[in-house]
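Subject: Structure for you to look at

Dear colleague,

I am handing over the structure we spoke about, together with some notes on what was found in it. Please keep the model open while you read.

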Amino acid sequence: MNKEELIARLSTSMEFQMVTNLTSIIESNDLKITDLLDISFHRKKEVAFRAAWMLEYLMTHKPDLFVGYIPELISLLAKQKNPSAMRHYAKIIALLTDRKAHHVYKDKAVTTDFEPVIDILFTWLVDTEVLVATKVHCMQTLANLAPRYDWIKDELLETIDYLVDIESVAFFGRAKQIRKQLKKIRQKV
C-alpha cells in the first residue's frame, strides 16, 4: 500500500471498529514504517493519531521489523505536537526503556543516547496542555531511565511532588507507582 492509499484509508470514519480496522490494515498490507512516521504528523489530527497508534502496534507486535526505526522516532519526538500522537510516541519510548522490554529493544536501548529525549519528556510532563496519558508515559520513561542517568531520580521526584496536586487521579496513581520504583533504585545505590 502506498502512502496516499494509506492516508485515504486512515481518513475514513472508523467509529467503534478502529482497532480492528487498523490491525487489519497492518496485517494485510506491506506498510512502510517511514510512511507511518510521516503520516503521524498529518494535518488531520485523527489521521495522525491513527498512524501513531499503528506505530505503537508495530512496536509491540513486530519488534524485529520496528527496532530499526527507533532512532528516527526518537529524532521526531520533539516535533510531535498532536496530543493524541504524542501519547503513542511517549508510550513507545516507555516500552523501549522498560526493564521487561523485548530483547531487541533492550539491545537498542543500551546503544541509544536518551539525553535529548529526557529534556522533551520533562517538558511534556510539566506542560499544562499535554494530556495526562502522555504525562504518565513520560513519567514512566523517566523512571525507567533513572538507573542509567542518576540525576533523573531527584528531578523526577521534585516534578512529581509539584504536579501531584495539580493533575488528575490517574496521574496520582501512576505517580505513586513511580515513587516506589524510584525508591527501589535509591536502595541499590
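A residue is called buried when its relative accessible area is under 20%, exposed when that value is over 50%, and partly exposed in between, with a 1.4 Å probe and the protein chains only. Please note that this is a predicted model, in which local features need pLDDT of at least 70 and side-chain atom pairs count only at pLDDT 80 or more, while totals for chains, interfaces and linings use all residues. Residues are numbered from 1 along each chain as its sequence is written, and side-chain values use heavy atoms, with hydrogens and water left out.

The overall fold

The protein has twelve helices and zero strands, where helices (H or I, at least four residues) and strands (E, at least two) are DSSP runs numbered from the N terminus. Its C-alpha atoms fill a box of roughly 50 × 35 × 25 Å along the principal axes. The radius of gyration, taken over C-alpha atoms, is compared with a globule rule of 2.2 Å times the number of residues to the power 0.38; for 189 residues a compact globule would come near 16 Å, and the 17 Å of the protein agrees with this. Of these 189 residues, 48% count as buried. If contact means heavy atoms within 4.5 Å, then among contacts between residues at least 6 apart in sequence, 70% join residues at least 24 apart.

Thr112 sits in the loop between H8 and helix H9 (115-126), and it counts as buried because its relative accessible area is 12%. Leaving aside residues up to four places away in sequence, Thr112 touches Ile74, Arg148 and Tyr149.

Leu58, in helix H4 (residues 45-61), is also buried, with a relative accessible area of 4%. Its contacts, again not counting residues up to four places away in sequence, include Ile26, Leu36, Phe66 and Tyr105. Ile33 is another residue that Leu58 touches, and the C-alpha atoms of Leu58 and Ile33 are 8.7 Å apart in space, although 25 residues separate them in sequence.

Ser168 belongs to the loop between helix H11 (152-163) and H12, and at 32% relative accessibility it counts as partly exposed. From C-alpha to C-alpha, Ser168 and Asp30 are 40 Å apart, and they are 138 residues apart in sequence.

The pockets

On a 1 Å grid over the protein atoms alone, a pocket is an open set of points with protein on both sides within 12 Å along at least five of seven lines, and lining residues have an atom within 4 Å of a point. Grid points are joined across faces, edges and corners, and a volume is the space filled by probe spheres set on the points.

The largest pocket has a volume of about 490 Å³ and is lined by 16 residues, of which Arg99, Gln140, Asn144, Gln181 and Lys184 lie nearest its centre. Which helix gives the most to this lining of the largest pocket? H12 does, with eight residues, while helix H10 (132-145) is another that supplies at least two.

The second largest pocket holds about 220 Å³ of space. Its lining includes Leu96, Lys106, Phe114 and Arg148, and the largest share, three residues, comes from H8.

With best wishes

Methods: On a 1 Å grid over the protein atoms alone, a cavity is a set of points where a 1.4 Å probe fits but cannot get out, and a pocket is an open set with protein on both sides within 12 Å along at least five of seven lines; lining residues have an atom within 4 Å of a point.
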